[in-house]
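Take a look at the structure below.

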Amino acid sequence: LVIESELGQGTTIKIYLPLHDESTEHKISEIKEKYPRGNEHILVVDDEPGIRQALGQLLEYEGFEVRTASGGVEGISEYEKFRPQLVFLDVKMAGLDGLEVLRRIRLIDANAVVVMISGHATIQTAVEATQLGAYDILEKPLDTDRVLVLLRNAFEQRTLTASFLEQCDLVKFARHRPGAAEMNAAHAAAVRFVSESVPPPAPS
């Protein structure tokens with residue numbers, strides 16, 4: 001257990017797990033694989049070939065691995081196989097529309113990052129998409145600069161979220177592994193020590 005504190009920067013408590021057996025190493029590897037970094041995959045679901053081609057080329061040029069689907073049913077199938085980190089999803093499609101596809105994708109993966117795209121988005125559509133968990137909604141024709149800014153922001157947020165969830169899982173594992181009771185006691189004592197060492201704020 002290591003405590004690092006810097007004036008004006010806050011306090012960090014680090015828990016180091018001794019890798020003394022294969023089961024511990026395997027569990028930590030499982031947790032890290034659950035929240036992958038890099039090699040971002042993007043799925044484009046749109047029934048317009050021109051949109052799929054143009055957006056796919058832009059994303060591939062930016063270094064992303066891209067797959068496309070021409071309809072809702074195919075999009076859901078590709079999502080389950082491809083497990084993309086982000087989805088561009090058309091709102092209006094023949095057959096299964098984008099909002100229903102969004103709902104089903106979120107049932108498959110509650111953390112799915114889905115960007116809706118529409119040629120005639122209404123306020124009602126935007127509200128419904130947001131309620132279903134859409135990350136954002138873009139209007140056609142797509143603006144290249146806005147797409148790139150959105151991608152940067154979405155992946156920065158995703159990286160921070162994945163890092164936080166990974167640390168939460170590691171702490172949970174640390175608390176339930178052999179010797180966890182002693183570690184938890186040390187952790188609690190360290191937190192008390194940090195709390196007692198920080199002076200109270202000056203009266204305003």
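Two strands count as paired if DSSP finds at least two bridges between them. Keep that cut-off in mind. Strand S3, residues 41-45, is joined to S4 by five bridges, so the pair passes the cut-off of at least two. S3 and S4 run parallel. Within this pair, isoleucine 42 stands opposite valine 66 in S4. Note that the model is a predicted one.

Now widen the view. Strands of a sheet pair through backbone hydrogen bonds, and the pairing is either parallel or antiparallel. In this structure, five strands make up an open sheet, and their pairing is parallel. The order across the sheet is S4-S3-S5-S6-S7.

Helix H4 comes next. This helix covers residues 98-108 and packs on the sheet. H4 touches strand S5 (86-90) and strand S6 (114-118). The direction of H4 makes about 175 degrees with that of S6.

Leaving aside neighbours within four places in sequence, methionine 116 is in contact with residues including Leu89, Leu102, Ala129 and Ile137.

Turn to helix H2, residues 49-61, where leucine 55 lies. Is leucine 55 buried or exposed? Its relative accessible area is 3%. Buried means under 20%, so leucine 55 is buried. Not counting residues up to four places away in sequence, leucine 55 touches Val44, Phe88, Leu142 and Val147. Leucine 55 and valine 66 are eleven residues apart in sequence. In space, they are 9.4 Å apart, C-alpha to C-alpha.

Next, the aromatic rings. A pair of aromatic rings is described by the distance of the centres and the angle of the planes. How many aromatic pairs does a search of the whole structure find? The search finds one. Phenylalanine 64 and phenylalanine 155 form this pair, which is stacked, with 5.5 Å centre to centre and 20 degrees between the planes. Phenylalanine 64 lies in the loop between H2 and S4, and phenylalanine 155 lies in helix H6 (residues 144-176), so the pair ties together parts that are 91 residues apart in sequence. Both phenylalanine 64 and phenylalanine 155 are buried.

Two backbone details remain. A cis peptide bond joins lysine 140 and proline 141, with an omega of about -5 degrees. Proline 141 is found in the loop between S7 and H6. Arginine 83 is not a glycine, yet its phi is positive, about 50 degrees. Find arginine 83 in the loop between helix H3 (72-82) and S5. Arginine 83 is partly exposed, with a relative accessible area of 40%.

Key
Residues numbered from 1 in each chain as written. Predicted model: local features only at pLDDT ≥ 70, side-chain atom pairs only at ≥ 80, totals over all residues. Heavy atoms only, no water. Helix = DSSP H or I, 4+ residues; strand = E, 2+ residues; numbered from the N terminus. Contact = heavy atoms within 4.5 Å. Axes fitted to C-alpha atoms, helices over the stretch in contact; angles between N-to-C directions. Buried < 20%, exposed > 50% of the residue type's maximum accessible area, 1.4 Å probe, protein only. Phe/Tyr/Trp six-rings, centres within 6.5 Å; stacked < 30°, edge-to-face > 60°.
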